[in-house]
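Colleague: Could you take me through this model step by step? I would like to begin with the surface.

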Amino acid sequence: MAVTISDPSELHGMTVIGQDGKRLGKVDGVYLDNETQRPAWAAVKSGMFGSHVSLVPLAAADTADGDLKVPFDENALSSAPHHDPDRELSAQDEVELFRHYGVPYGGEGVTAPDATDRRAAGTDRGRVDTAVGHDTSGPTTDDAMTRSEEHLRVGTETTEVGRARLRKYVVTENVTQTVPVSHEEVRIEREPVTGADLGDAVDGPSISEEEHEVTLHAERPVTEVEAVPVERIRLGKETVTEDEQVSGEVRKEQIETSGVQESDRDR
């Protein structure tokens, strides 16, 4: 069912819904049929911040619940032949677009009755501002002209840039410590024989051979290894904010006059 709306301002800003029920974008402009002055093509803004503009034939579109519904999906719009929104839509442009969307060039509704007749006549479709009727000059508005310009809207999105992990592994190293050790040594002690110990001194044979043995002791260092917890380590995250410059191209309208003599008041 083709769109039957005759006033392009009614399409302005409509949300475009695809055949799978997904939102494809918003109507940013409308191209009228030069013969019938009825809406023929809708310029649909899509992508991040509405940076991509695709033309969609209104012959296969319908309106419902304030939305513009088209029998195409997101891939069809993104891969459609590009068209400069600042120039008129030629017959050759229409042929390429209709072929892309698989829609017959001729037919009822807002499309041309016959491709051959339109190419022979050399007529083009001109883009009109869909705001006609409420904020720009035209046959149904006042004598003022609205100048518009694009503003660059910058946002942020969170993406994964890397991962950090904790891993434990074992290394072996030499540890040197000083520990005091003691040992026994033999020392010769001599004492004269006195009357008090004379009996012990002469007890036994007067001349004989014998030996005495003394056991010596010494300390030696010993080591023992034990595992003890020394600290706990964990990963933490903190947010660091820094400034980053973002640039992009935006368009704006300029208004010039012709046939008007500048007065002193205007200067």
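Modeller: Accessible areas come from the Shrake-Rupley method with a 1.4 Å probe, and for residues only the protein chains shown count as cover. The accessible surface of the protein chain comes to about 22000 Å², and 46% of that surface belongs to carbon and sulfur atoms. This is a predicted model: local features need pLDDT of at least 70, side-chain atom pairs count only at pLDDT 80 or more, and totals for chains, interfaces and linings use all residues. Residues are numbered from 1 along each chain as its sequence is written, and side-chain values use heavy atoms, with hydrogens and water left out.

Colleague: How many helices and strands are there in the protein chain?

Modeller: The protein chain has four helices and seven strands. Helices (H or I, at least four residues) and strands (E, at least two) are DSSP runs, numbered from the N terminus.

Colleague: Now to Thr 15: where is it found?

Modeller: Thr 15 lies in strand β1, which covers residues 15-17.

Colleague: Why does Thr 15 count as buried?

Modeller: Thr 15 counts as buried because its relative accessibility is 16%. Buried means under 20% relative accessible area, exposed over 50%, and partly exposed in between (1.4 Å probe, protein chains only).

Colleague: And which residue does its side chain join in a polar contact?

Modeller: The side chain of Thr 15 has a polar contact of 3.1 Å with that of Lys 26. A polar contact is a pair of N or O atoms within 3.5 Å; within protein, one must be able to donate a hydrogen and the other to accept it, and residues adjacent in sequence count only if both atoms are side-chain atoms.
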